[in-house]
Amino acid sequence: MRHHFIAPSLLAADFTKLQAEIDLVNDSDADWLHLDVMDGRFVPNITFGMLIVEAIRKMCKKPLDVHLMIVEPEKYVERFRDAGADVISVHYEACDHLHRVVHQIKATGAKAGVALNPHTPIHLLEDLIEDIDLVCVMSVNPGFGGQKFIYQTIPKIRKLKELITTRNTRTLIEIDGGVGLQNAESLLQAGADVLVAGNSVFSASDPKATIRQMKEIGKLEILV
């Protein structure tokens with residue numbers, strides 16, 4: 001039986017009390033902490049880089065799921081791994097030589113993820129799916145938090161799940177953007193393994209309870 005994961009997205013947290021927000025995640029039923037690295041080039045926003053990831057690593061007890069929304073990610077893979085990333089995802093759209101970058105990530109000991117923008121079809125991963133540890137299906141256009149979920153994502157998840165099942169790989173399906181209690185069940189039923197939740201967690205009146213509810217919706221197993 002596959003585990004399912006909840007990965008709160010730090011992008012939606014209050015950065016004026018970063019330690020407290022990370023402590024909240026540490027003390028919750030969340031499995032990973034999702035970190036969105038944006039460069040102002042691949043996406044029209046800038047967040048943080050290796051130094052902040054390194055600081056977060058010192059505070060966070062959960063695996064760090066680092067999502068590189070940047071151009072030329074191959075220049076920074078080793079540095080993000082050194083900073084503490086456990087999973088490193090790069091965008092299909094940002095890599096001219098995706099196979100090389102995936103194996104570069106794996107060589108560091110991190111799990112290798114590939115993120116797909118909403119307009120990028122699943123079939124483009126057919127020749128590489130056996131090498132990918134995680135596919136991050138973007139359910140909003142990357143670059144900003146708080147966007148509305150794109151519901152065409154659900155049939156896209158089903159197509160990806162079919163590809164993974166057909167090839168008999170252990171690739172995880174991660175969904176990032178507009179995820180919350182209102183659509184978690186549909187996403188899990190479609191085949192999602194990892195739910196990235198930002199505003200739905202950090203803007204909730206009780207973030208820990210929200211994470212717990214998201215686990216219970218899919219009857220998810222809490223990893224010890």
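1. Helices and strands are DSSP runs, with helices of at least four residues and strands of at least two, numbered from the N terminus. The model discussed here is predicted. In these terms, Ser 139 belongs to the loop that connects strand 6 (134-138) with helix 5 (153-167).

2. Ser 139 has 0% relative accessibility and therefore counts as buried, the cut-off being under 20%. Leaving aside residues up to four places away in sequence, its contacts include Lys 148, Phe 149, Ile 150 and Thr 153. Ile 175, Asp 176, Gly 177 and Val 179 also touch Ser 139.

3. The strands form an open sheet of 8, paired in parallel, in the order 1-8-7-6-5-4-3-2. Strand 1 and strand 2 are the edge strands; each has a single partner, so one side of each lacks a neighbour in the sheet. On average, neighbouring strands are turned by 25° against each other, direction ignored.

4. Pro 8 has Ala 197 of strand 8 as its bridge partner. Helix 8 lies across both strand 1 and strand 8, at about 150° to strand 1.

5. Which residues of helix 1 are buried? In this helix (residues 18-26), they are Leu 18, Glu 21, Ile 22, Leu 24, Val 25 and Asn 26. Their cover includes strand 1 (5-8) and strand 2 (33-38), together with helix 2 (50-59), helix 7 (199-202) and helix 8 (207-217).

6. Helix 2 has Met 50, Val 53, Ile 56 and Met 59 buried. These buried residues pack against helix 1 and helix 3 (77-83), and also against strand 2 and strand 3 (64-69).

7. In soluble globular proteins, nonpolar side chains tend to be buried together. Here the largest nonpolar core holds 63 residues, and Ile 175 and Leu 195 touch the most other members. Helix 5 contributes the most to this core, with 5 residues.

8. What does Leu 195 touch, apart from residues up to four places away in sequence? Its contacts are Phe 5, Ile 6, Ala 7, Ile 175, Val 179, Ala 184, Leu 187, Leu 188 and Met 214. Ile 175 and Val 179 in that list are also contacts of Ser 139.

Definitions and conventions: Residues are numbered from 1 along each chain as its sequence is written. This is a predicted model: local features need pLDDT of at least 70, side-chain atom pairs count only at pLDDT 80 or more; totals for chains, interfaces and linings use all residues. Side-chain values use heavy atoms; hydrogens and water are left out. Buried means under 20% relative accessible area, exposed over 50%, partly exposed in between (1.4 Å probe, protein chains only). Contact means heavy atoms within 4.5 Å. A nonpolar core is a set of buried Ala, Val, Leu, Ile, Met, Phe, Trp, Tyr and Cys residues joined through side-chain atoms within 4.5 Å. Two strands pair if DSSP finds at least two bridges between them. Axes are lines fitted to C-alpha atoms, for helices over the stretch in contact, and angles run from 0 to 180 degrees between N-to-C directions.
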